[in-house]
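I opened this model to look up its charge pairs, its sheet, its cores and one annotated site. My entries follow in the order I made them.

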Amino acid sequence: MKMMFGRPGSKSGMLLRIGQCLCAAASVAFMVSANGFSNYTAFCYLIASMGLQLLWSFGLACLDLYALKIKKDLQNAVLVTATLSLAAACSSAGIVVLYARDLDFCNNPKMHLPCGSSQADDPDEDVDNTENINNDKNNDNKDLNKGKSSDAGNEDQKVVQTQKAVKTICQSTDYKETCESGIEKSLSTKSKGFPGPNDFVNAAISAASDEFDNAITQTAEFMKAETAPPNQKPTFDVCKQVFEDAQNDFNHTKNATMGSTTSHDVRNWLSAVMTYQQTCIDALAEDATRTSIEQALKTTKEMTSNSLAIVSSFNKDAPSPGPASHRRLLSSADNDFPVWMARNTRRLLKADTPSLKPNATVAKDGSGNFVTISKALEALPKDYQGRYVIHIKGGVYEENVVITKNMVNITMYGDGSQKTIVTGNKNFKDGVPTFLTATFAAIGEGFMAQSMGFRNTAGPEKAPAVALRVQSDQSVFLNCRMEGFQNTLYAQTHRQFYRGCDILGTIDFIFGDAAAIFQTCDILIRKPMVNQQNTVTAQGRIDKHETTGFVLQKCKISADPSLGPEKVKTASYLGRPIKEFSRTVVMESEIDNVIRPEGWLSLEGDFAVQTLYYAEYSNIGPGSRVKDRVKWAGYQTNFKKEEAAKYTVSQFIQGERWLKGVDVPVHLGLYS
């Protein structure tokens, strides 16, 4: 023993022990710098080597401690302490590195650890998995296996490491198997190297987009115009249009980075994609065709939901607005605009209408550049930069107007919401899909309207008949009036802001799946047909990861004069869930006694009552008492100020994040 270890307490023995520690450190350095282990035997050898190093150092330390007890040598005591510390540190570090590589510490995309390649189990078990995921790389792998086994092993480890990371990423999704297979397939076509967070997000979105393209190809077989019955052709047109809109939003999301700003945009676009897919399904009346289309869209809907969940996992809720004393609060008479509106745009909309300088003027009497709104839109300059302003002079314009997706940053202003009126009467009962009944449709991004009226005069007996349909992202409606009965305002997709508007209707007269805030609006409930019940909102959120919902803030909900004498006999409610995850918040508003004490109406039985999200906060008026409200699990009975703050302009539609300008009066948060 003396020959092997040196005499306890001797200088020569201590030098041997220090040498042994240096050897241990060298082993650790080798393992840290190694690119990976290609087989299980090498891995076990290194673990055993580290164990022997630890035992050897510990044994030496025990001999020294024994010597110290006899000789009480202070010099050796210091050396023993250093020896023990160094040996333990080196050995522990080596084992930690090994385990870190073998487990998931280095696979977590949120932890950018420079660990190199991970250690794998028996490669015989990994080869099949690698071949299943990367079939298109088999030829390359054969060449590597001939003379470059180390590189092949590293490639195997990258695949295993990526698979583990994909499983971690997909934990937040509702369709995990679809998530894992889609991301792995998408990543297999990318460049080498371990993917980062953006790569995983882009892979999930690309997989959903590719699957959607496949679904469109499949559905084309079911929706051939030349073989379709006449009553189905309009619904096929709806599907084709919303499919194009969905593809457009998919294109927006590609290669987006997951910063605090763009993640909100990505979620907005993906939420719209889900809505468009559902819009097609809802438009189809024929059961067999509907079933076929729904089945074709099943996987892409799951993948889109997964993409939303993954993007959400990279983005936390925005902080609550600052105290009211640090912001310019507004009275009901203030003409405040959302903070995200650019300064020149807000100045334009805040000005008195006579002072606005339009690019074009529409007048029925011929005193303008055009006599119809549609003609003015047809004449838009193709490459016009900035906001294009159109003045619509007073008059009733009987036409169906569409602001196409290529018509961006259009502002229309009239001479008053009851002087400049766009009217139509298309309706569902006459065979027109609800989507196509809109008198006025705003699709192009950044549309703004001021002091205009939008009507659908089909009447309550014609069922759904839309006055205004809005898909436009970052759209604003100021001092406008929407008149109809069932389905008056179709707030379909994206972020929308309504200020000082009058909205009239009967059944589900504010519906859709947008992220829309209605501020200081008058909601007027009209008289329905006999035995009908009124519902103000019918928000159509279909997935819990969507960022959509309706917020009524500082509004007044009351009976239209036509309903006044009958409001006791006619049941009216704040809303009902037309989709499983319907979300509506009514806050700081005045609610008249036209609303029944239970407040909300179920669609059919207990559909969605567990999954919806309905809330009320700080409302006034005889219809605002929540004591007798519905007892659904989805109704928020303990809705506090902190929760309400999440549904303000600053947070719910992230106004400050996606439009510029802050130095004008604007109400960002809660009024109270």
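**Salt bridges**

I began with a network of salt bridges that links Arg455, Arg481, Glu483 and Asp502. A salt bridge here is a side-chain nitrogen of Lys or Arg within 4 Å of a carboxyl oxygen of Asp or Glu. This is a predicted model: local features need pLDDT of at least 70, side-chain atom pairs count only at pLDDT 80 or more, and totals for chains, interfaces and linings use all residues. Residues are numbered from 1 along each chain as its sequence is written, and side-chain values use heavy atoms, with hydrogens and water left out.

Arg455 sits in strand β9 (residues 453–456) and Glu483 in strand β12 (residues 481–483), 28 residues apart. Strands (E, at least two residues) and helices (H or I, at least four) are DSSP runs, numbered from the N terminus. Arg455 is partly exposed because its relative accessibility is 25%. Glu483 has 12%, so it counts as buried. The cut-offs for relative accessible area are under 20% for buried and over 50% for exposed, with partly exposed in between (1.4 Å probe, protein chains only).

I then counted 16 salt bridges by this rule. One of them joins Lys544 to Asp174, with the closest N and O atoms 3.4 Å apart. The pair links distant parts of the chain, 370 residues apart: Lys544 is in the loop between β19 and β20 (549–553), Asp174 in the loop between α7 (149–169) and α8 (176–187). Lys544 is partly exposed at 42%, and Asp174 is partly exposed at 37%.

Next came Asp282 and Lys579, a salt bridge of 3.0 Å between the closest N and O atoms. Asp282 is in helix α11 and Lys579 in the loop between β22 and β23 (583–587), 297 residues apart. Asp282 is partly exposed at 36% relative accessibility. Lys579 counts as buried at 18%.

**Helix α11**

I stayed in helix α11 (residues 262–283) and looked up Ile281. Ile281 has a relative accessible area of 0%, so it is buried. I listed its contacts (heavy atoms within 4.5 Å). Leaving aside neighbours within four places in sequence, Ile281 touches Arg290, Glu294, Leu297 and Lys301. Its C-alpha atom is 9.3 Å from that of Thr235, 46 residues apart along the chain.

**Sheet and annotated site**

In what order do the seven strands of the open sheet run? I read β4-β7-β10-β13-β16-β19-β22, with parallel pairing. Pairing requires at least two DSSP bridges between two strands. The edge strands are β4 (401–403) and β22 (572–575), each pairing on one side only. Strand β19 (residues 534–539) pairs with β22 over three bridges. Asn534 has Ser572 of β22 as its bridge partner.

Strand β16 (residues 507–512) holds Asp508. An unreviewed UniProt entry annotates Asp508 as "active site". Such positions use the numbering here, feature names are shortened, and annotations may be inferred rather than shown by experiment. Asp508 is buried because its relative accessibility is 6%. Beyond residues up to four places away in sequence, Asp508 touches Asn487, Thr535, Val536, Thr537, Ala538, Arg576 and Ile578.

**Nonpolar cores**

A nonpolar core is a set of buried Ala, Val, Leu, Ile, Met, Phe, Trp, Tyr and Cys residues joined through side-chain atoms within 4.5 Å. The largest has 59 residues, of which Met412, Phe477, Tyr498 and Phe518 touch the most other members. A second, separate core of 49 residues includes Val238, Leu270, Met303 and Phe435.
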